[in-house]
Structures are given as structure tokens and as C-alpha cells.
Amino acid sequence: MAAACASGQAVPETVAVQLLGVLWFVSVTTGPWGAAAAGGEETLKCEDLKVGQYICKDPKINDATQEPVNCTNYTAHVPCFPAPNITCKDFSGNETHFTGNEVGFLKPVSCRNVNGYSYKVAVALSLFLGWLGADRFYLGYPALGLLKFCTVGFCGIGSLIDFILISMQM
């Protein structure tokens, strides 16, 4: 080995270390850390922050419908607060340095039970026609609806269980 080094040939381990050093240097100077340190990267929008860099409030739930308040087009929006010392562009496009108390963006949250079916209609069908399977047909489960129809609501037990599940929105 020593003879190979003395004759001018590179040892494979030395070449590998040098190659790793060059790759590390290139990744640091062109990667996310190098570009941010050099000022070459544009500030992220607050919506693009990673999990852990922001916290969102829980949506307010309407007691009557058991759905988030202001739920439209199957979504509700909850305020999210970027962590302290995070700089990002807020919903108005301004670059802001956050302290943890300011709303950075509104995160869309899907409404749990808004799937095109009326909760009130489903409960009414389950209560009055559940033994015929009408509730399951309405909710898009024709196989369960047919099974309930043929067994007269699983002899009443299935109708009671379905009424409880639909009432609890499960």
C-alpha cells in the first residue's frame, strides 16, 4: 500500500474521502441551507411550512349540525400560527417575521360529515325506515341496505345500531 502511494497512485479510500468532501461542499452550497445562507432563496409562503413549524387551532363545531362552523364547499378554514422566529409570506403576500401570536394563514380542513348527504335526512330515514334499509341506501351503501331490507333490519337490532351510529355520525 505504501508503495502505491509513493509511486503517485491514489489509494481508493483517499479518493472516496475526497469525493465525499466535494459532494458535501456542493450539497451545502447549493442545497437549502447554502441557498438560504447566501440569500438566494425566496421566502416561503406560510402555507408551505412543514409540520411542526406552525400550529393550527381546532375548528369551532356547530352544536346543531356537529360540523365545523362556516363549512362551505366541503371545507372550513382554521387559523394557523407560525412558530416564533419563523419568517414567511402571510396570506396577503407580505414577508413577516412571526412571534407565534399572529395568524400566518388559514388552513382548509375538510368538513367531517359534509359528503353530499343531509345529516337530518339520514337520521330521519334511520329512525322511521331503518328496518327497510332506506338509511343505508340513502348514504350510498346499497349492499347493506339490501341486507337490512331482506332481514327486516337484522331483526330490529341492526336498525337500532344503525340509528345510534348515524346519530353519532360514525
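Here are some questions and answers about this predicted model.

The model is predicted, so local features need pLDDT of at least 70 and side-chain atom pairs count only at pLDDT 80 or more, while totals for chains, interfaces and linings use all residues. Residues are numbered from 1 along each chain as its sequence is written, and side-chain values use heavy atoms, with hydrogens and water left out.

User: Happy to start with the sheet: in what order do the 3 strands of the open sheet lie?
Analyst: Helices (H or I, at least four residues) and strands (E, at least two) are DSSP runs, numbered from the N terminus. Two strands pair if DSSP finds at least two bridges between them. The pairing here is antiparallel, and the order is β1-β2-β5.

User: Which are the edge strands?
Analyst: An edge strand of this sheet pairs on one side only. Neighbouring strands are turned by 40 degrees against each other on average, direction ignored, with axes as lines fitted to C-alpha atoms. The edge strands are β1 (54–56) and β5 (105–110).

User: Which residue in β2 is the bridge partner of Tyr54?
Analyst: β1 pairs with β2 (residues 75–82) in the antiparallel sense, over 3 bridges. Within β2, the partner of Tyr54 is Pro82.

User: Which residue in β4 stands opposite Lys89?
Analyst: β3 and β4 (residues 95–98) run antiparallel and are joined by 4 bridges. Their hairpin has 5 residues between the strands, and Gly93 there takes a positive phi near 90 degrees. Opposite Lys89 stands Glu95.

User: How many residues does the largest nonpolar core have?
Analyst: A nonpolar core is a set of buried Ala, Val, Leu, Ile, Met, Phe, Trp, Tyr and Cys residues joined through side-chain atoms within 4.5 Å. Buried means under 20% relative accessible area, exposed over 50%, and partly exposed in between (1.4 Å probe, protein chains only). The core includes Cys46, Leu49, Tyr54 and Phe105, and its residue count is 8.

User: Is Asn85 buried or exposed?
Analyst: Asn85 sits in the loop between β2 and β3 (86–89). Asn85 has a positive phi of about 70 degrees although it is not a glycine. Most residues other than glycine have a negative phi. With a relative accessible area of 62%, Asn85 is exposed.

User: What relative accessible area does Val152 have?
Analyst: Val152 belongs to helix α7, and its phi is positive, about 50 degrees, although it is not a glycine. Val152 counts as partly exposed, with a relative accessible area of 46%.

User: Why are the buried residues of α8 on the same side?
Analyst: In α8 (residues 157–167), the buried residues are Gly158, Ser159, Asp162 and Ile166. They lie on the same side because they cover an arc of only 95 degrees around the axis, taken from the directions from the helix axis to the C-beta atoms. The face turned away carries the exposed Ile157 and Leu160. The buried residues pack against α4 (119–129), α5 (134–138), α6 (142–150) and α7 (152–155), so the value asked for is that arc of 95 degrees.

User: How far apart are the end C-alpha atoms of residues 146–166?
Analyst: The unreviewed UniProt entry annotates residues 117–134 and 146–166 as "transmembrane region"; such annotations may be inferred rather than shown by experiment, and positions follow the numbering used here. Residues 117–134 are 67% helix and 0% strand, with end C-alpha atoms 13 Å apart. Residues 146–166 are 90% helix and 0% strand, and their end C-alpha atoms lie apart by 18 Å.

Key:
Contact = heavy atoms within 4.5 Å. Axes fitted to C-alpha atoms, helices over the stretch in contact; angles between N-to-C directions.
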